[in-house]
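Me: I want to go through this model term by term. Please set each value against its cut-off.

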Amino acid sequence: MKCLGIEATAEKLGIGIVNIKSEILTNITKYKPLTTGIHPREAAQHHAENIKDLIKEALQKVELSFKDIDLISFSQGPGLGPSLRVAAVAARTLALKYSLPLVGVNHCVAHIEIGRLKTEARDPLTVYVSGGNTQITAFVSGRYRVFGETLDIALGNLIDQFARTANLGNPGGPVVEKLAKEGNYIELPYTVKGMDLSYSGLLTAAKRALNNYSVEDVCYSLQEVSFSMLVEVAERALAHTGKEELLIAGGVGVNRRLQEMLNSMADERGSGFFTTPENLLGDNGAMIAWLGILEYTHGKRMKPEDSFVRQRWRTDEVEVLWR
Ligand code: ATP
Ligand code: FE2
């Protein structure tokens, strides 16, 4: 069995093909480099213009055709409506045209499952950090429950918005990480509320600090404060759930300093520490295809008329049939 997965929740378009033996046959991504924040309609237009060729390229790369595909999966949510609709329309069309079963999958759960597939983590607490999401989850009573999340902007969005103000380009993560190595600590607001995080006050303060401190100092402190907040919540979630493994997922997870901080916390607790391989950390089609296989082989079925997009689909609404 082979599944073709379509990912389009934000500015990236991804196509992946995965087989039942969990081998990733192909996984390609396309996006228009951004100079500003994401413009939802423009992102969707990019996806609509490129999706046909990207699917063709994915199949050609591994010398497959639709005759070899047994299942279509797509990112049904959460995400930006216009992007999600491109994936849903394409998936529905392909399913009908080639008489293939269709499954819409949850993007956040896909990040967790591809991490579990490609690391030794079996039952981790997952820290999922990207441009649009900041979420700490663990599997409890049949679902991935959310133990902490951002109350306003996501960690990647904090870094990207700050970087644009500081004229560091987009995406900001890699530049901020590099500049942070040369910086010293200045005080910035640290906001953890219960198990949740708030990054908007930190963003305002970091932008303002650019008037009085070097960009290196602000980058360093922005990372230290925002990452420490995440470590605090992740540590409490580990203690609360009793999980003994920590897994990083999402595009911000490539940050070495973040990995180091979470790793040392996990180490001190005697917990295992895992990072999703770099090529699968960010949004990609393979994770959507893999979750499609997990769901389909455990009984999930979807009629085309039920394949509407779910912009605010929460991680803990998904019934995890495969564990
Ligand atoms: P999602 O739709 O899940 O929210 P996304 O569209 O933001 O995902 P990802 O590829 O998962 O896509 O993540 C991109 C984010 O990762 C951007 O905010 C970017 O700045 C951040 N990032 C990339 N490299 C680094 C880095 N070295 N340090 C910190 N953040 C980074
Ligand atoms: Fe993502």
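Me: What makes a residue part of the surroundings of ligand 1, and which are the closest?
Reply: This is a predicted model, in which local features need pLDDT of at least 70, side-chain atom pairs count only at pLDDT 80 or more, and totals for chains, interfaces and linings use all residues. Residues are numbered from 1 along each chain as its sequence is written, chains are lettered from A and ligands numbered from 1 in the order in which they are written, and side-chain values use heavy atoms, with hydrogens and water left out. A residue is near a molecule if one of its heavy atoms lies within 4 Å of it. By that rule 24 residues surround ligand 1, and K12, Y128, G131, G132 and D160 are the closest.

Me: How do you know which polar atoms contact ligand 1 at E177 and G251?
Reply: A polar contact is a pair of N or O atoms within 3.5 Å; within protein, one must be able to donate a hydrogen and the other to accept it, and residues adjacent in sequence count only if both atoms are side-chain atoms. A polar side-chain atom of E177 lies 2.7 Å from a nitrogen atom of ligand 1. At G251, a polar backbone atom is 2.9 Å from an oxygen atom of the ligand. The protein covers 91% of the 650 Å² of accessible area that ligand 1 has on its own, by the Shrake-Rupley method with a 1.4 Å probe.

Me: Which element gives the largest share of the shell around ligand 1?
Reply: That is α5, with three residues. Helices here are DSSP runs (H or I, at least four residues), as are strands (E, at least two), numbered from the N terminus.

Me: Why is Q135 called buried?
Reply: Buried means under 20% relative accessible area, exposed over 50%, partly exposed in between (1.4 Å probe, protein chains only). Q135 has 9%, so it counts as buried. Its side chain makes a polar contact of 2.7 Å with that of T315. Q135 lies in strand β7.

Me: And why is N167 called exposed?
Reply: Its relative accessible area is 68%, so N167 is exposed. N167 sits in the loop between α4 and α5. Its phi is positive, about 55 degrees, although N167 is not a glycine. Most residues other than glycine have a negative phi, and most peptide bonds are trans.

Me: Which peptide bond is cis at P171?
Reply: The one joining N170 and P171, with omega about -5 degrees. P171 is found in the loop between α4 and α5.

Me: How do you know that β1 and β2 pair?
Reply: Two strands pair if DSSP finds at least two bridges between them. β1 and β2 have six, in the antiparallel sense. Four residues separate them in a hairpin. β1 also runs parallel to β4, joined by four bridges.

Me: What makes β1 largely enclosed?
Reply: Five of its six residues are buried, so β1 is largely enclosed by the rest of the structure.
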